[in-house]
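Visitor: I'd like a close look at one part of this assembly, please. Could you take me through the place where two of its chains meet, and what lies around it?

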Amino acid sequence: MKTRILGFVALFAVIGAAINGLFVVPADLNQGDAQRVMYVHVASAWLAYASFGVTAIAGLVYLIRRDVRLDALALAGAEVGVMFTAFAIWGGMMWGRPVWGVYWQWEDPRLTTTALLLALYVGYLLLRRLTDDPARRAGRAAVVGLIAAVDIPIVHFSVIWWRGLHQGPTIGDPSKILNPSAPLQFVLALLAMLAAFTLVWVYLLIRRYQLARLEWQLEDEARRGRVAAARQVAVPSGVEEPAG
Amino acid sequence: MNALRRDLSVAIAIARKDALSELRGRQAAGSTIFFAAIVLLLFGFALGPDSRRLAEAAPGLLWLAIVFGGLLTMARLHQLEADDGAFEQLALYPVDRRAIYAGKALAGAAAMLVLGGLLLPVVAILYAIPVGAAWLPLLAAVVLGAIGFAAIGTAYAGLTVRMRAREVMLPLLMLPIVAPLLLAAVKATVAALGGDPLGELGSWLQLLVAFDVIMLVVGAGTYGFLLED
Amino acid sequence: MTDAGFVIAAYGVILGGIALYAALLARRLRNAREASGRSDDADSPR
């Protein structure tokens, strides 16, 4: 199956990019080996945002078209997104401790924004879990996913302004790696990891989507079964034999 | 034009109804305000007794108390309809959903404004904040904050009020969303109280306006889907 | 912890987490397919 092939390709790509980032690429002059964390940290963050873009857009189109497959896609995006967001925060902390000396830095806008991202989408998943009716669940989730996505740019700007006159720490600026003047090897290593992670992301999305569709169908069948059983109970005895 | 006038009158009718039930059910609204005041008091115990530290923290504490009280307020404003099953009836009316939203959001903003307005003197007294000359920008911050909170609160309260675990779902969904509002409102308050030495008051108020506009648009746009639930 | 320790912690948790999640999905998919009596995908991804 094509998805399985994709899975293996993604696996090899990640292994290759990881080996490259850990052993092939040299350490940074200022940040040392800690720089290597950036490759997985930035890649995770990008895919986290991409995932929530999928959730928001799938939800929006669902509200228009009411196709349950879109809701399955939105769920897949949110769950995969929460995972990558958690990874991004973890990576940020694993980078921050050696470079800044602290695990958390309130003045880093991306760390705080990503933390809010996590909060927003964990709330999304909990909302889904606490809603039993599938149609209601899909509709509510779509609204929440949309509002969360709209909030993110606001958070982004507000947190950057929040930092105000304090510039980011001069040694150990995480965005250094995204600077156009960064060493080519680092940029290539980041791109390699990004490409590998993207393959993984697509693979996981497909699998989670398939799972969501199957579970929806199982849920639907169970519901129909309960309705049919209830109908049979309502039939007066002796008039009709309940089927099967 | 007639449709607009009709929608407007629907919105105002809903807002008036909510305002009346707030005034009549005075214990509920009053209890919430009292709760928020107690929260402010408790902050003093948690962070005090150094009055300088409290004075520095005061704007943040004020807005936290407004947010916590606001959560209760927004839930309460939707509880009545939820209990009576009025949401389903509202959904049947052939009226623009946005008008219903506008009415509820208006009532919400008014309630938040009352909450914030009453908490300001409490904070001023408890934390020795000289409000004085800064009252106008402070009022602007409270008004804008109230509108923004009510804008998103109306949508999310409508969504969560009929849910399982509704007491936790509304805060869970609201708090991350209002983080930028909280941030901007506190910064604006600090700037206003300090005489705005960095000239940033305007920027923060603008951010609040942007938040309000965006949330009002999104809230109005999605409220119809939430009603049809 | 040396810098290398943090790097290993980062890669380990992230890559390991991805692997765990993929394995978890595979198991849940298997269970769901058995439960529904289907041997193929519910429908191909859009």
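Guide: Happy to; here is a walk through the contact of chain B with chain A and its surroundings. Please keep in mind that this is a predicted model. In the contact, 23 residues of chain B meet 23 residues of chain A. On the side of chain B that touches chain A, the elements giving two or more residues are α7 (166-177), α8 (179-193) and α9 (201-227) of chain B. Of these, α9(B) gives the most, with nine residues. By residue class, this side of chain B divides into 19 nonpolar, two polar and two charged residues.

Now to the nonpolar core. The largest one has 156 residues, and those with the most contacts inside it are M193(A), A188(B) and L208(B). Helix α3 of chain A, residues 68-100, supplies the largest share of this core, 18 residues. Let's stop at A188(B): apart from its neighbours within four places in sequence, A188(B) is in contact with P137(B), A141(B), L201(B), W204(B), L205(B) and L208(B).

Chain A itself has six helices and zero strands. Buried residues make up 44% of its 244 residues. Among contacts in chain A between residues at least 6 apart in sequence, 78% join residues at least 24 apart.

Chain A also touches chain C, in a contact that takes 26 residues from chain C and 31 residues from chain A. There, the side of chain C that touches chain A comprises 18 nonpolar, two polar and six charged residues.

Definitions and conventions. Residues numbered from 1 in each chain as written. Chains lettered and ligands numbered in written order. Predicted model: local features only at pLDDT ≥ 70, side-chain atom pairs only at ≥ 80, totals over all residues. Contact = placed C-beta atoms within 7 Å. Helix = DSSP H or I, 4+ residues; strand = E, 2+ residues; numbered from the N terminus. Nonpolar A, V, L, I, M, F, W, Y, C, P; charged D, E, K, R; others polar. Core = buried A, V, L, I, M, F, W, Y, C linked by C-beta atoms within 7 Å. Buried ≥ 20, exposed ≤ 12 C-beta atoms within 10 Å, placed from the backbone.
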